[in-house]
Amino acid sequence: MAVLEVKNIGKHFDSTRVLDDVSFDLEEGSALAIIGSSGSGKTTLLRCLNFLETPDHGSITVRGETLFDADNPVSGQEKDLRTKRLHFGMVFQAFHLFPQYTALENVTLAERLLSKERADFKQKKKEILEEIEAHGKALLEQMGLAERMDHYPHQLSGGQQQRVAIARALALKPDILCFDEPTSALDPELTGEVLKVIRGLARQHTTMIIVTHEMSFARDVADRIIFMDDGVIVEQGDARQVIDHPKEERTRQFLTKY
């Protein structure tokens, strides 16, 4: 079953075409890696999916619900933007943790804020907040950070900060977890610990979209790969097939760099 359907997404910035009729599906529990040179449109595509950018045309559907349709604005754009974004968990290149909060507070912040909108919050405040804290602790334990929950971001390594960011993205139980080059801001020796976490999520069949320059990682972890160039999908298919036996000459040229 396709949890995500993206059809004919296009995006321009002034006269520059960044995305041109990008279409793909994502199956429940599968991992999709998006590869391509810098400037090929990968990050803009993620930002459109997370509604940090608005596509110029096309549609985005999650679990059969149309979140965006440029040809039918009433069905999508008038819905609350925050509600749309809750379908996606985003892990950025640069972590974006709140420096004034501990690791645990960073992970639980969004869930605590949303809990105040629950009809039973006043009656069950203590119980609800205890459940949120327990959930946050469990996520940090899953990330191997049980001993770092009370540390502030400046007390953590880059790899640890990124693992906190992954836990934070998972906290609201998104339909799809998105990674935008999650190791690009890390020293090589810290890259492995983050990739190990993502491998673990893949084994748990977490539905993911991963923008990455780690070709061997993409081949081994992803179920499917999309290769983008100049805002279009040049090739997509089984991960090992695309990496080991690309069909398109442009894909072969790109992969020779790695």
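**Chat about a sheet and a helix**

Me: Which strands does H6 lie across, and at what angle does H6 run to E6?
Reply: In this predicted model, helix H6 lies across strands E6 and E7, and H6 runs at about 170 degrees to E6.

Me: How do E6 and E7 pair, parallel or antiparallel?
Reply: E6 and E7 pair in the parallel sense, over 4 bridges. Val91 stands opposite Phe179 in E7.

Me: What is the strand order in the sheet?
Reply: The order is E6-E7-E8-E3-E9-E10, an open sheet of 6 strands with mixed pairing. E6 (88-91) and E10 stand at the edges with a single partner strand each, so one side of each has no neighbour in the sheet. On average, neighbouring strands of this sheet are turned by 15 degrees against each other, direction ignored.

Me: What about E9, which strands does it pair with and in which sense?
Reply: E9 (residues 224-229) pairs with E3 (residues 31-35) in the parallel sense over 4 bridges, with Arg224 as the bridge partner of Leu32. E9 and E10 (residues 232-238) run antiparallel and are joined by 6 bridges. There, Ile225 stands opposite Gly237.

Me: Which residue in the hairpin of E9 and E10 has a positive phi?
Reply: Asp230, with a phi near 55 degrees; the hairpin has 2 residues between the strands.

Me: New topic. How many residues does H7 have, and how far does it reach?
Reply: Helix H7 (residues 188-203) has 16 residues and reaches 23 Å from first C-alpha to last, close to the expected 22 Å. Just after H7, His205 takes a positive phi of about 60 degrees.

Me: Which residues of H7 are buried, and what covers them?
Reply: The buried residues include Leu190, Val194, Ile198 and Leu201. Among the elements covering the buried residues of H7 are helices H5 (121-142) and H6 (158-170) and strand E8 (208-211).

Methods
Residues are numbered from 1 along each chain as its sequence is written. This is a predicted model: local features need pLDDT of at least 70, side-chain atom pairs count only at pLDDT 80 or more; totals for chains, interfaces and linings use all residues. Side-chain values use heavy atoms; hydrogens and water are left out. The expected span of a helix is 1.5 Å times one less than its number of residues. Buried means under 20% relative accessible area, exposed over 50%, partly exposed in between (1.4 Å probe, protein chains only). Contact means heavy atoms within 4.5 Å. Two strands pair if DSSP finds at least two bridges between them. Axes are lines fitted to C-alpha atoms, for helices over the stretch in contact, and angles run from 0 to 180 degrees between N-to-C directions.
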